[in-house]
There are 2 protein chains.
Amino acid sequence: MDQQQLFIKMVLGNWDLQISRLEKMFSSFTDDELQLQVAPGKNRVIYLLGHFVAYHDMLGESLGLAERKYQHLDNDFLKSADNIGASIPDAAYLRQAWTDVHEKLTTLFNGLEAGEWFKRHQLVSEEDFAKDLTRNRLNMIINRAAHIAYHAGQIKLCNK
Amino acid sequence: MDQQQLFIKMVLGNWDLQISRLEKMFSSFTDDELQLQVAPGKNRVIYLLGHFVAYHDMLGESLGLAERKYQHLDNDFLKSADNIGASIPDAAYLRQAWTDVHEKLTTLFNGLEAGEWFKRHQLVSEEDFAKDLTRNRLNMIINRAAHIAYHAGQIKLCNK
């Protein structure tokens, strides 16, 4: 295994770990329990489920690897805070969308050649990337994995 | 910059980002506010402050780079859950210890040659490391950065 492949394995290994932990958390909640708030007055777990579907659907696009499929969730789960009064997709839909989004990401990640991971992502211009080569696709995975851990810590607080 | 150096910069950049966000959070709490729980019946913020001091003090040792200095905090902040009734070091002590531990880590990290980051950490045997070269020092930083994000997400929930 060369160095690039070793780096990629380290980063994707952490991504997979964070995803699998979060997925286990969501699976441990019944549909009713998904309505619980992580703390009084804070996001419901179902909001965070939808938040990850929308954000990780966007990840494929941000990496420059895929078109979006769940953009219709952005208003409820990315652009708005959780709103208990609002009508949002139900748990069954969001669980299926979670599976769909992450299976697609896994396929994309497995199919990417090592060198492609070190090219720029779509949220940085070619000019800025030339000045800072750390702003590559693999770094976006490092960043998004931390975002998973951030919300996983919150979901862990639910009393159910 | 060669590939190893680029990758190290990516990982340490994320570590620095997570540390600076968490440090800003702790700084935003008065000593009284550090007694707040992140959610009803859950860890106090001061517990998490002490938890990070002890755990990141241990990180130097786990990396095989430094002796421990704050092992006396392990009972209160690593081996025990938060216990409001227990006598623990005060906020001023823990804040100073946080600074001390992280300044030391920064010095250690800056002084480490690139190739050293890809050697094994102390929590894996030579035999197991030979089978899986991802279990190196740098991977421990990736893991610990996720641990920071996990608790930062919880502290963010405090109403103060």
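## Briefing: a predicted two-chain model

Setting aside neighbours within four places in sequence, Arg137(B) is in contact (heavy atoms within 4.5 Å) with Leu63(B), Gly64(B), Leu65(B), Leu112(B), Glu116(B), Trp117(B), Lys119(B), Arg120(B) and His121(B). This is a predicted model, in which local features need pLDDT of at least 70, side-chain atom pairs count only at pLDDT 80 or more, and totals for chains, interfaces and linings use all residues. Residues are numbered from 1 along each chain as its sequence is written, chains are lettered from A and ligands numbered from 1 in the order in which they are written, and side-chain values use heavy atoms, with hydrogens and water left out.

**Arg137(B)**

- Arg137(B) sits in helix α6 of chain B, residues 137–155. Helices here are DSSP runs (H or I, at least four residues), and strands are E runs of at least two, numbered from the N terminus.
- Arg137(B) is buried, at 7% relative accessibility. Buried means under 20% relative accessible area, exposed means over 50%, and partly exposed lies in between (1.4 Å probe, protein chains only).
- The side chain of Arg137(B) makes a polar contact of 2.9 Å with that of Glu116(B). A polar contact is a pair of N or O atoms within 3.5 Å; within protein, one must be able to donate a hydrogen and the other to accept it, and residues adjacent in sequence count only if both atoms are side-chain atoms.

**Interface of chain A and chain B**

- On each side, how many residues are in contact? 30 residues of chain A are in contact with 30 residues of chain B.
- The buried area is about 2700 Å², and carbon and sulfur atoms give 69% of this. Buried area is the accessible area (1.4 Å probe) that two parts lose on being put together, summed over both.
- In chain A, Met10(A), Tyr150(A) and Leu157(A) lose the most area to chain B. Together they account for 23% of what that side buries.
- Helices α1 (3–28) and α6 (137–155) of chain A each supply at least two residues of the side that touches chain B.
- That side of chain A has 16 nonpolar, 10 polar and four charged residues. Ala, Val, Leu, Ile, Met, Phe, Trp, Tyr, Cys and Pro count as nonpolar; Asp, Glu, Lys and Arg count as charged; the others, Gly among them, count as polar.
- Four residue pairs are in polar contact across the interface, both residues at pLDDT 80 or more.

**Salt bridges**

- Side chains of opposite charge can pair when their charged atoms come close.
- The structure holds 18 salt bridges over all chains. The rule asks for a side-chain nitrogen of Lys or Arg within 4 Å of a carboxyl oxygen of Asp or Glu.
- Lys69(A) and Asp100(A) form one of them, at 2.6 Å from N to O. This pair links distant parts of the chain, 31 residues apart. Lys69(A) is in the loop between α2 (45–62) and α3 (74–77) of chain A, and Asp100(A) is in helix α4 (residues 91–111).
- Lys69(A) is partly exposed, at 48% relative accessibility.
- Lys119(A) pairs with Glu116(A) in a salt bridge, with the closest N and O atoms 2.6 Å apart. Lys119(A) is partly exposed at 42%, and Glu116(A) is partly exposed at 25%.
- Arg68(B) and Asp74(B) meet in a salt bridge of 2.7 Å, N to O. Arg68(B) is buried at 14%, and Asp74(B) is buried at 5%.
- In chain A, Asp57(A), Arg68(A) and Asp74(A) are linked in a network of salt bridges.

**Cysteines**

- The count is zero disulfides over all chains. The rule takes a pair of cysteine sulfur atoms within 2.5 Å.
- Cys158(A) is in no disulfide, and its nearest cysteine sulfur, that of Cys158(B), is 16 Å away.
- Are these cysteines buried or exposed? Cys158(A) is buried, with a relative accessible area of 11%. Cys158(B) is buried, at 12%.

**Other buried residues of chain B**

- Arg44(B) lies in the loop between α1 (3–28) and α2 (45–62) of chain B. Arg44(B) is buried, at 3% relative accessibility.
- His151(B) lies in helix α6 of chain B and is buried, at 9% relative accessibility. Beyond neighbours within four places in sequence, His151(B) is in contact with Leu48(B), His51(B) and Phe52(B).
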